[in-house]
Amino acid sequence: MDAYDVIVIGGGPAGYVAAIRCAQLGMSTALVDEYIGKSGKPALGGTCLNAGCIPSKALLDSSEHYDRVRNKYASHGIKTAEIDLDIPTMIGRKDKIVSTLTKGVEGLMKKNKVTWLKGHGQLEAGMKVGVIPTGGKGDKQVYQAKHIIIATGSAPRTLANISIDHERIVDSTGALDFQEVPAKLGVIGAGVIGLELGSVWGRLGAEVVVLEAMDDFLAMADGEIAKAALKEFKRQGLDIHLGTRVKKAEADADGVTVEYEDAKGGHTLRVDKLVVAVGRVPHTEGLNANGIDLFIDESGYIHVDEFGSTNVPDIYAIGDVVRGPMLAHKGSEEGVMVAERLAGKKTRVNHDTIPWVIYTWPEIAWVGKTEEDLKQEGRSYACGTFPMRASGRALAMEETVGLVKVIADAETDEILGVHIFGAAASELIAEAVVAMEYQASAEDLACIVHAHPTVSEAVHEAALDVHRRAIHK
Ligand code: FAD
Ligand code: AMP
């Protein structure tokens with residue numbers, strides 16, 4: 001029986017990063033993964049590379065280009081003739097980016113001498129992992145491990161009364177592969193994924209109706225930011241209905257009929273395609289967790305402590321399959337932490353400074369506490385804000401929608417949260433993460449020189465505004 005120091009189950013951003021770091025630290029490492037890519041062949045990178053972060057950003061980028069040409073070029077004095085869309089080319093570009101990256105991860109495995117065991121991994125007693133080869137090619141192989149890291153990720157949440165037919169009614173993976181723009185698109189769920197995919201197809205010309213169960217829009221974001229974003233997304237044409245309860249959805253040859261209720265009563269909506277984007281659930285199917293008494297909590301997550309240790313000695317779990325936000329970078333950092341702790345280091349992940357990004361346009365990004373969190377905690381705080389319309393660079397770019405908000409402790413001035421709705425928010429948030437990681441005060445951020453003209457000056461001005469010293473507001 002082949003033996004490894006570490007066997008990682010799951011080759012997404014949590015698992016493959018853990019495997020690379022283990023190998024870098026001198027441990028013999030195998031990575032078990034069963035994902036079959038769009039080409040029908042095994043592909044590393046998990047949800048993120050194959051059907052998540054990367055393909056969605058590729059399509060968001062393409063659709064942003066189209067939207068700019070259609071709606072934004074004229075005011076720059078750039079005249080365009082008739083423009084046309086070629087969706088298969090757009091989807092093909094996305095697929096090429098995905099395959100470049102998944103092959104890149106395969107190359108990294110080879111370079112780091114990580115053995116890729118292609119198949120379905122199962123936990124077995126005595127620190128063994130059984131691997132059922134992909135596509136029924138051969139018998140189950142069993143491997144011995146000193147340590148096991150589980151990184152089996154997550155899967156789309158389904159609704160009991162709606163079946164995904166992968167044709168008219170799709171999950172997020174299906175919505176990344178439409179071959180034409182649906183005239184009318186329904187999206188259930190106004191979360192991160194629903195808004196991103198709704199934005200893609202909306203910009204490409206679909207009439208988009210979003211049905212969200214909660215009364216609050218983006219309840220996990222800061223309320224002031226969510227309010228500004230809702231106003232802007234509605235202006236862009238997303239028809240967002242809050243406080244709705246979808247009763248059923250049925251597909252036929254021409255489209256989908258969706259029945260839902262809200263405070264005003266029952267409604268019927270007819271759409272060409274329906275995307276179900278109501279969140280994701282941890283994936284432990286077929287792992288044989290029960291067989292080795294691995295503790296899974298009532299929500300389906302593998303229970304871990306702050307260092308990723310499960311209740312079974314020498315077995316760890318990381319990424320979407322454990323508590324915390326389902327974000328690729330969170331899983332990757334947990335992977336590095338577990339690998340380094342196996343090598344005797346004292347690495348930890350600060351879960352309080354994990355940045356969130358929603359890649360709409362403008363983007364939404366934040367780190368730390370919202371005003372609502374702090375009110376609930378009864379903590380006294382001071383806020384500074386700065387509108388994008390007062391930023392010279394944002395004005396030059398004609399991207400004046402949004403704001404930056406810095407929240408600091410009222411007594412110590414420590415930054416507790418930074419919230420951005422605006423152009424390049426996904427990049428700007430990194431400065432806030434660094435500041436918070438070093439427990440910087442709003443004053444510290446206010447004292448740092450920011451290049452002019454850049455959108456980052458809005459972060460600077462919001463920090464100054466905490467003490468009512470903003471210059472351009
Ligand atoms: P996964 O990426 O889900 O990987 C798990 C892997 O394990 C898969 O390959 C799976 O096949 C394999 N596996 C599972 N069980 C077994 C088994 N028993 N044996 C063998 N293999 C197994 N996050 C961001 O941070 N930024 C974004 O912009 C972003 N955009 C997203 C857009 C969409 C449309 C979606 C769906 C998700 C997005 N996410 C984004 C979330 C991100 O994809 C996940 O947080 C991330 O992929 C989780 O990584 P993971 O390694 O824990 O799991
Ligand atoms: P996220 O977890 O960011 O992908 O967001 C999923 C969104 O779907 C959240 O805003 C949920 O409130 C929403 N949601 C969950 N279940 C339903 C449902 N049955 N109908 C409409 N929206 C839902």
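Start with the contacts across the whole protein chain, counting heavy atoms within 4.5 Å as a contact: of those with a separation of 6 or more, 62% are between residues 24 or more positions apart. What you have open is a predicted model, where local features need pLDDT of at least 70, side-chain atom pairs count only at pLDDT 80 or more, and totals for chains, interfaces and linings use all residues. Residues are numbered from 1 along each chain as its sequence is written, and side-chain values use heavy atoms, leaving out hydrogens and water.

Next, switch to a cartoon view. You'll find 13 helices and 21 strands in the protein chain (DSSP runs, H or I of at least four residues for helices and E of at least two for strands, numbered from the N terminus). The chain's radius of gyration, taken over C-alpha atoms, is 24 Å, close to the 23 Å from the globule rule (2.2 Å times the number of residues to the power 0.38) for 473 residues, so the chain is as compact as a globular protein of that length.

Then select residues 381-387, which is strand β19. Is β19 largely enclosed or open? Five of its seven residues are buried, so the rest of the structure largely encloses β19.

Finally, zoom in on G384 and look across to β20, where V406 stands opposite.

Terms used
Chains are lettered from A and ligands numbered from 1 in the order in which they are written. Buried means under 20% relative accessible area, exposed over 50%, partly exposed in between (1.4 Å probe, protein chains only). Two strands pair if DSSP finds at least two bridges between them.
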